[in-house]
Amino acid sequence: QVQLTESGGGLVQAGGSLRLSCEASGRTLKAASLGWFRQAPGKEREFAACLNWNGATTSYADSVKGRFTVFGMFLQMNSLTPEDTAVYYCAQSRLYGDTCSRATGDYDYWGQGTAVTVSS
């Protein structure tokens with residue numbers, strides 16, 4: 001079983017930056033794509049960013065494009081706004097391919113989430 005643990009969340013002022021980390025432990029996958037999702041209070045979990053299994057391809061939600069960068073097991077978040085306030089989850093998928101998935105159902109393992117709060 002793969003365990004994923006997010007860290008790096010916290011409280012930040014609008015315009016600030018945070019870097020989230022996703023640590024894998026247990027029976028780690030040899031190759032996996034990585035997804036970052038977020039869930040704001042009272043809303044559905046939504047896709048934020050993903051990285052395909054070999055790190056060659058990324059994909060971003062329109063709402064974070066140009067501000068967030070996914071690399072390795074990290075999510076760099078810049079120019080944060082109060083609308084970015086949410087619990088952020090990392091997830092791994094066994095899917096291979098030139099792209100990564102934006103669908104929660106394509107991910108096999110999930111972390112417990114780390115809370116990000118952006119104050120105005």
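The largest nonpolar core of the protein chain has 31 residues, and those with the most contacts inside it are W36, F68, V70, L75, M77 and Y88. A nonpolar core is here a set of buried Ala, Val, Leu, Ile, Met, Phe, Trp, Tyr and Cys residues joined through side-chain atoms within 4.5 Å, where buried means under 20% relative accessible area, exposed means over 50%, and partly exposed covers the range in between, with a 1.4 Å probe and protein chains only. Two or more residues are given to this core by each of the elements β1 (2–7), β3 (18–26), β4 (33–39), β5 (46–51), β7 (68–71), β8 (74–77), β9 (86–93) and β11 (114–119). The model is predicted, and local features need pLDDT of at least 70, side-chain atom pairs count only at pLDDT 80 or more, and totals for chains, interfaces and linings use all residues. Residues are numbered from 1 along each chain as its sequence is written, and side-chain values use heavy atoms, with hydrogens and water left out.

The secondary structure of the protein chain consists of zero helices and eleven strands, with helices (H or I, at least four residues) and strands (E, at least two) taken as DSSP runs numbered from the N terminus. The radius of gyration of the chain is 13 Å, close to the 14 Å that the globule rule gives for 120 residues, so the chain is as compact as a globular protein of that length; the radius is taken over C-alpha atoms, and the rule is 2.2 Å times the number of residues to the power 0.38. Along the principal axes, the C-alpha atoms fill a box of roughly 40 × 25 × 25 Å. Of the 120 residues, 42% count as buried.

Leaving aside neighbours within four places in sequence, S21 is in contact with T5, E6, S7, W36, M73 and F74. The C-alpha atoms of S21 and C90 are 8.5 Å apart in space, although these residues are 69 apart in sequence.

Several residues in loops were also examined. K43 is found in the loop between β4 and β5, and this residue counts as exposed because its relative accessibility is 58%. The C-alpha atoms of K43 and E6, which are 37 residues apart along the chain, are separated by 20 Å. In the loop between β8 and β9 lies S79, a partly exposed residue with a relative accessible area of 42%. Most residues other than glycine have a negative phi, whereas phi of S79 is near 50°, a positive value in a residue other than glycine.

The loop between β9 and β10 (109–110) contains D108, which counts as partly exposed at 34% relative accessibility. Apart from neighbours within four places in sequence, D108 is in contact with Q92, S93 and R94. D108 and A91 are 17 residues apart in sequence, and their C-alpha atoms are 7.2 Å apart in space.

Key: Contact means heavy atoms within 4.5 Å.
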